[in-house]
Amino acid sequence: MNKVDETRDLIIQTSLALFNKKGYSQTSIQDIMEMSGLPKGAIYRRFENKNEIALATFEYAGVIIWNHFFDAIKSKDTATEKLIAMCHVYQDAVNNPPIEGGCPLLNTAIESDYGFPELREKASEAYNQTLFFIQSIIEEGIKNQEFRQDINSYSLASFLFSTIEGAVMASRLSLNNDHMFHSIEQIKVLLQHYTEPK
């Protein structure tokens, strides 16, 4: 059994806060040292460079977000309730996002480019994983005859995910959650439209 490396965890947690607020390119190893209180040697004994820290940090962020999603949907019975619950994870995107600084997937997708293909690939994988998860909930609703049988589950999942990510961006940019509230309300209307009449 591996011993927990508390110093490594501290580096990742500190870096997540910095990367998600300042951005990867604007965060230096010196910033991580100053915020964590760790000497340079403690960092370089665990990570070869900032890229390695960024990859580990993005994975850690993903665990946090998935825990929020699972907590949100575990008590929900219908597909509609589960989808809305996932939206509510970011309902206070301005003041109380799951991770300080906003959505790490959105932030990484905006910042990552072909200069750091490994991080871009991780962001792409995380996007697809979330998209397919949303699609699986929609297909559960179709199977249970909650939703109409003619729904294109992938298309709807793409629209829902894109809408929420866009609402996170708009809410954080405008410093109010109105865009998130409006998006959730419109998603509720859309899902009602796709609900099978009883």
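Entry 1, ground rules. I number residues from 1 along each chain as its sequence is written, and I use heavy atoms for side-chain values, with hydrogens and water left out. In this predicted model, local features need pLDDT of at least 70 and side-chain atom pairs count only at pLDDT 80 or more, while totals for chains, interfaces and linings use all residues.

I paired rings of Phe, Tyr and Trp (its six-membered ring) if their centres lie within 6.5 Å, calling planes under 30 degrees apart stacked, over 60 edge-to-face and the rest tilted. The count comes to 8 aromatic pairs. I looked up Phe 19 and Tyr 24, which form a tilted pair, 5.6 Å centre to centre with 55° between the planes. Phe 19 is buried at 11% relative accessibility, and Tyr 24 is buried at 16% (buried is under 20% relative accessible area, exposed over 50%, partly exposed in between; 1.4 Å probe, protein chains only).

I found Lys 50 over the face of Tyr 24, at 4.3 Å from the ring centre. The test asks for NZ of Lys or CZ of Arg within 6 Å of the ring centre and within 35 degrees of the ring normal.

Phe 132 is partly exposed at 44% relative accessible area, and Tyr 154 is partly exposed at 39%.
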